[in-house]
Amino acid sequence: MFNFGNLAELMKQFQTIRENVDKAKEELKRENIVVEVGGGMVKVTANGMGEILDIEIDKSLLKEEEYQVLKELIVSAVNEAFERSKEVMTQKISEATGLPVNMSKFGGLF
């Protein structure tokens, strides 16, 4: 026979976890991650959700002959910002759910 008391408790725990995840997501939106590449010639700012907020480019890279270097630096900076934001997101969601870092990626909670 199924114990509905345990189901009610489980649903209550899930609701608490869901609220914690929602709170963590709001915190992640306010978190700034700044990545500089090329000795600071390109700087990318992302939030903890992986959204790019700003890109700053040294004016010396805005010459036609520097196009390829600029392109590579932007791609590098954006990728690094994205990776760092994933790390921050994973940690925050892990804290919110109480799951180990490697388990928080599963379950569709965020």
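Student: Is E83 buried, partly exposed or exposed, and what is its relative accessible area?

Tutor: Buried means under 20% relative accessible area and exposed means over 50%, with partly exposed in between, using a 1.4 Å probe and protein chains only; E83 is partly exposed, with a relative accessible area of 39%. Before we go on, note that this is a predicted model, in which local features need pLDDT of at least 70 and side-chain atom pairs count only at pLDDT 80 or more, while totals for chains, interfaces and linings use all residues. Residues are numbered from 1 along each chain as its sequence is written, and side-chain values use heavy atoms, with hydrogens and water left out.

Student: Which side chain does E83 meet in a salt bridge?

Tutor: A salt bridge is a side-chain nitrogen of Lys or Arg within 4 Å of a carboxyl oxygen of Asp or Glu. Here the side chain of E83 meets that of K86, at 3.2 Å from N to O, and K86 is partly exposed too, with a relative accessible area of 36%.

Student: Where do E83 and K86 lie?

Tutor: Helices (H or I, at least four residues) and strands (E, at least two) are DSSP runs, numbered from the N terminus. An α-helix has 3.6 residues a turn, so residues three or four places apart point the same way. E83 and K86 both lie in helix α2, three residues apart, which is about one turn of the helix.

Student: How many residues does helix α2 have, and what should they span?

Tutor: The expected span of a helix is 1.5 Å times one less than its number of residues. Helix α2 has 31 residues, 67–97, and should span 45 Å, which agrees with the 44 Å between its end C-alpha atoms. Among the buried residues of α2 are L70, L73, A77 and A81, and just after the helix G98 takes a positive phi of about 80°.

Student: In what sense do strands β1 and β2 pair, and over how many bridges?

Tutor: Two strands pair if DSSP finds at least two bridges between them. Strand β1 (residues 32–37) and β2 pair in the antiparallel sense over six bridges, with V35 opposite V44 in β2. Five bridges join β2 to strand β3 (residues 52–57), again antiparallel.

Student: Why is β2 described as largely enclosed by the rest of the structure?

Tutor: Five of the six residues of strand β2 (residues 42–47) are buried, so β2 is largely enclosed. K43, by contrast, counts as partly exposed at 24% relative accessibility. The side chains of K43 and E56 meet in a salt bridge (3.8 Å, N to O). Because K43 lies in β2 and E56 in β3, the pair ties together parts that are 13 residues apart in sequence.
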